[in-house]
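Please look through the structure shown below before reading on. The paragraphs that follow explain contacts, interfaces, salt bridges and aromatic pairs in turn.

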Amino acid sequence: MNGEGGARHILSILVENRFGELCRIVGLFSGRGYNIDSLCVAPTPDPAFSRIILTTNGNDAIMEQIIKQVGKLVRVLEVADLNEVDHVEREMALLIVKTRNPAERQEVLNLVGVFRAKVIDIAPDAITVETTGSQDKVDALLGLLKPLGIQDIVRTGAVAIPRISAARGRDETRGPELVVPEADSAV
Amino acid sequence: MRGAKILIESLLREGVDTIFGYPGGAILHVYDELAHARDRIGHVLVRHEQGAVHAAEGYARSTGKVGVVMVTSGPGATNCVTGLANALMDSTPIVCITGQVPTHLIGNDAFQEADVVGITRPCTKYNYLVKDVRDLARVVKEAFHIARTGRPGPVVIDLPKDVTAAKTTFVWPEAVDLPSYRPAGKGDPEKVRQAVAMMVAAERPILYVGGGVVNADGAAALAALAEALNLPVTPTLMGLGAFPSAHPNCLGMLGMHGTYAANMGVSNADLLVAVGARFDDRVTGRLKDFAPHARVVHVDVDASSINKNRVVEVGIVGDARSVLEQMLLCLDRDMRLEGPPPREAWWATLRGWSSQHPFRYRRRRDVIMPQAVIEELHRLTKGDAIVTSDVGQHQMWVAQYYGFKRPRQWLNSGGLGTMGYGFPAAIGAAKAHPGRPVVCVTGDGSFQMCIQEMATAVQEKVNVKVVVINNNYLGMVRQWQELFYSRTYSEVGMEWLPDFVKLAEAYHARGLRATVPGELRPVLEQGLATPGLVVLDMIVSQEESVYPMVPAGASLQEMVLEPPDDGSEDPEPRDLA
């Protein structure tokens with residue numbers, strides 16, 4: 001029942017940082033036939049807790065169940081569906097692109113520039129690129145580099161955080177929100 | 001104090017008086033300590049660890065206390081898995097302590113090692129691996145708290161052998177500190193008010209009550225609410241006894257083998273109020289046609305039960321008893337009713353359905369009818385026994401014909417449907433209620449799933465009567481093959497059964513048999529009057545089926561009331577194909 005027609009959702013889960021808790025959450029998804037598309041876990045500034053950012057998909061009914069079932073777990077403090085709030089989302093990818101000649105190398109460097117990605121390793125016949133952005137942006141860069149021949153890709157999956165304005169609950173009494181320009185909003 | 005003693009002391013602080021278990025190498029320090037605490041804490045030595053968990057479930061469900069299990073590592077722990085899954089599905093509070101190999105051997109494929117925390121994760125409410133003796137007392141305290149609060153369930157504590165040997169100061173924590181665990185208590189007052197207003201206004205309401213009312217000890221509040229609002233009540237299989245079956249407002253059980261009145265009532269209701277029930281598929285039949293005309297109010301302690309199967313109009317997360325009491329209070333304070341709403345037309349319709357199609361069966365003179373066994377059992381025990389069952393036709397016949405009066409009187413495996421549950425559960429219930437009659441109604445198939453516990457029952461001298469509804473078949477499977485697989489009877493014939501009477505004698509118990517209707521009453525009477533374990537082998541009509549029945553996947557309105565008439569009043573058993 002992997003949410004046919006369901007949208008992609010980003011869940012932010014705050015859990016006690018103990019062995020086995022991640023397994024319990026992941027096991028809940030597999031045990032109920034829900035898919036996890038990506039998963040990022042790291043301790044919060046308070047090392048007693050971890051933040052899990054998980055992307056999955058499902059219709060409203062499935063998402064309600066997922067959130068309630070995860071929220072019911074004994075060591076889970078908080079589950080939020082970031083689709084419900086304005087949020088920013090980033091994913092990182094490392095990719096090795098083949099460059100058989102200087103023209104191809106130049107092409108990669110141009111694209112890296114446009115996407116504000118980074119070259120982190122280079123060899124006569126390949127370039128390793130680091131890119132960060134929304135899933136769509138990473139997909140777009142990959143799409144452009146693909147014809148050149150991508151040797152290897154690793155992607156982190158999404159991390160996401162509510163926008164400052166969303167975190168403040170859009171409280172009018174606080175005065176106008178600062179509009180923070182996205183640092184790498186290219187494409 | 002060493003870990004083993006800390007464990008025993010902690011169990012005593014939690015009020016544990018009985019442990020169901022089976023020793024082995026990894027748990028030996030604890031068993032050694034247990035021997036020194038015999039005067040304060042009892043132990044029931046089962047013959048298989050699955051039996052230990054079911055016995056603890058019987059103890060827990062019949063008392064409302066937490067059932068405690070103790071077993072060794074590896075196979076001892078894995079044998080508990082069925083019981084744990086069963087307890088999770090039926091929301092039964094269990095704390096299961098499993099021995100584990102010493103911490104330095106964990107992950108080394110040591111002798112009798114198993115990843116118990118991993119194996120039991122999906123079939124427990126929570127589980128622990130204790131790696132440091134200093135955590136032990138806190139873990140025990142938390143485990144009992146988690147097991148018994150909110151939606152109750154099983155908790156495993158996996159305990160490495162070296163932790164039980166290690167020493168530290170015993171400090172019993174005064175309070176549980178679990179910031180992320182917040183079991184529901186009272187319901188949202190505004191929603192409660194809304195629900196009560198809907199109940200007052202409804203023309204055709206039905207109250208659908210489940211095991212959650214039993215778990216929350218909410219039966220008294222339920223009866224008061226049903227009477228104050230003149231509500232028809234239909235209990236689920238797990239809810240039987242939460243509302244007295246003889247109460248004039250009781251429609252009987254609903255669902256697959258429920259009453260015509262209950263199923264038609266739900267199908268025609270304009271308001272369905274579900275309390276401590278979870279819209280299980282055996283209750284709802286085809287979901288989209290369940291209570292199709294009803295607005296729905298759902299009270300459940302588990303937020304994830306609400307909107308899981310049925311989208312509801314008012315969902316109240318809370319303990320069933322608290323919410324029912326809130327409803328009563330709200331009724332007294334805000335509603336000012338001039339007596340209960342009469343709802344004459346609705347009651348006339350419901351009573352019509354009840355008298356038109358009560359539970360009934362063909363009474364025969366040549367062969368014992370299984371339903372007659374249950375009716376006779378009810379008469380002889382005055383409906384007062386604690387009754388456990390296994391899973392199958394006999395379970396449904398008990399549900400239909402015993403007529404339960406009180407909560408915690410009926411113990412069966414409703415969620416997982418575990419054959420083998422009934423007999424050890426009866427042992428657990430008998431340990432908790434030594435003065436009361438405890439009857440396990442089982443089948444020839446189910447009884448054999450945990451039949452070794454006869455030794456436990458005899459050793460413990462418990463007063464358990466086992467009534468075997470013996471039809472030489474896996475009867476419910478046969479019934480499905482008859483109805484849905486063109487009578488292709490595939491592997492349902494128990495062609496070789498043990499002689500249950502001789503087997504009982506082999507275990508130093510009494511065995512009695514009834515083969516013709518005239519023997520039924522005297523044999524039951526004699527069996528009930530004989531102290532200790534008695535096995536009553538009831539040779540019943542082989543091809544009797546459970547009716548009425550809602551075929552799987554059909555709607556409640558499509559219930560089949562009687563077997564299709566095949567022209568044979570007295571069908572001979574067919575060949576086992």
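**A guided reading of the model**

Leaving aside residues up to four places away in sequence, B:Ser305 touches B:Arg151, B:Arg278, B:His298 and B:Asp300. The model in which these contacts are found is a predicted one. B:Ser305 belongs to the loop between strand 10 (295–300) and strand 11 (314–317) of chain B. Is this serine buried or exposed? Its relative accessibility is 2%, and B:Ser305 therefore counts as buried, the limit being under 20%.

A:Ile62 is located in helix 2 (residues 60–72) of chain A. With a relative accessible area of 6%, A:Ile62 is buried. A:Tyr34 is 28 residues away from A:Ile62 along the chain, and the C-alpha atoms of the two are separated by 8.6 Å.

We turn next to the place where the two chains meet. The size of an interface is often given as the accessible area lost when the parts come together. Between chain B and chain A, the buried area is about 1,600 Å², and carbon and sulfur atoms give 49% of it. On the side of chain B, the residues that lose the most area to chain A are B:Arg121, B:Tyr126 and B:Ser180, which together account for 38% of what that side buries. Counted by residues, 22 of chain B are in contact with 16 of chain A.

How many residue pairs are in polar contact between chain B and chain A? The count is 13, with both residues of each pair at pLDDT 80 or more. Strand 5 (126–129) and helix 7 (136–148) of chain B are the elements that give two or more residues to the side touching chain A. Strand 5 of chain B supplies the largest share of that side, namely four residues. Sorted by class, the side of chain B that touches chain A consists of nine nonpolar, four polar and nine charged residues.

Charged residues also pair across this boundary. The rule finds two salt bridges across the interface of chain B and chain A. A:Arg75 forms a salt bridge with B:Glu142, and the closest N and O atoms of that pair are 2.9 Å apart. A:Arg75 and B:Glu142 also belong to a network of salt bridges that links them with A:Glu16, A:Arg18, B:Asp135 and B:Arg138.

Over all chains, the count by this rule comes to 46 salt bridges. Within chain A, A:Asp86 forms one with A:Arg163, the closest N and O atoms being 3.5 Å apart. A:Asp86 lies in the loop between strand 4 (76–81) and strand 5 (87–98) of chain A, whereas A:Arg163 lies in the loop between strand 9 (159–162) and helix 5 (164–167), so the pair ties together parts that are 77 residues apart in sequence. A:Asp86 is partly exposed, at a relative accessible area of 34%, and A:Arg163 counts as partly exposed at 24% relative accessibility.

Another salt bridge in chain A joins A:Lys118 to A:Glu130, with 3.8 Å between the closest N and O atoms. Because A:Lys118 lies in strand 6 (residues 118–123) and A:Glu130 in strand 7 (residues 126–133) of chain A, this pair ties together parts that are twelve residues apart in sequence. A:Lys118 counts as partly exposed at 48% relative accessibility, while A:Glu130 counts as buried at 18%.

In chain B, a salt bridge can be followed within one helix. The side chains of B:Glu376 and B:Arg379 meet at 3.0 Å, N to O. Both residues lie in helix 16 (residues 370–381) of chain B, where they are three residues apart, about one turn of the helix. B:Glu376 counts as buried, at 7% relative accessibility.

The last topic is the aromatic rings. A pair of aromatic rings is described by the distance of the centres and the angle of the planes. The structure holds 16 aromatic pairs over all chains. One of them, formed by B:Trp346 and B:Trp353, is edge-to-face, with 6.3 Å centre to centre and 90° between the planes. B:Trp346 and B:Trp353 are both buried. B:Phe404 and B:Trp410 form a tilted pair, at 5.0 Å centre to centre and 35° between the planes. B:Phe404 is buried, its relative accessible area being 3%, and B:Trp410 counts as buried at 5% relative accessibility. Finally, ring pairs link B:Tyr208, B:Phe279 and B:Phe290 into a cluster.

Terms used
Residues numbered from 1 in each chain as written. Chains lettered and ligands numbered in written order. Predicted model: local features only at pLDDT ≥ 70, side-chain atom pairs only at ≥ 80, totals over all residues. Heavy atoms only, no water. Contact = heavy atoms within 4.5 Å. Buried area = accessible area lost by both parts, 1.4 Å probe. Salt bridge = Lys/Arg side-chain N within 4 Å of Asp/Glu carboxyl O. Polar contact = N/O pair within 3.5 Å; in protein donor to acceptor, adjacent residues only side chain to side chain. Nonpolar A, V, L, I, M, F, W, Y, C, P; charged D, E, K, R; others polar. Phe/Tyr/Trp six-rings, centres within 6.5 Å; stacked < 30°, edge-to-face > 60°. Buried < 20%, exposed > 50% of the residue type's maximum accessible area, 1.4 Å probe, protein only.
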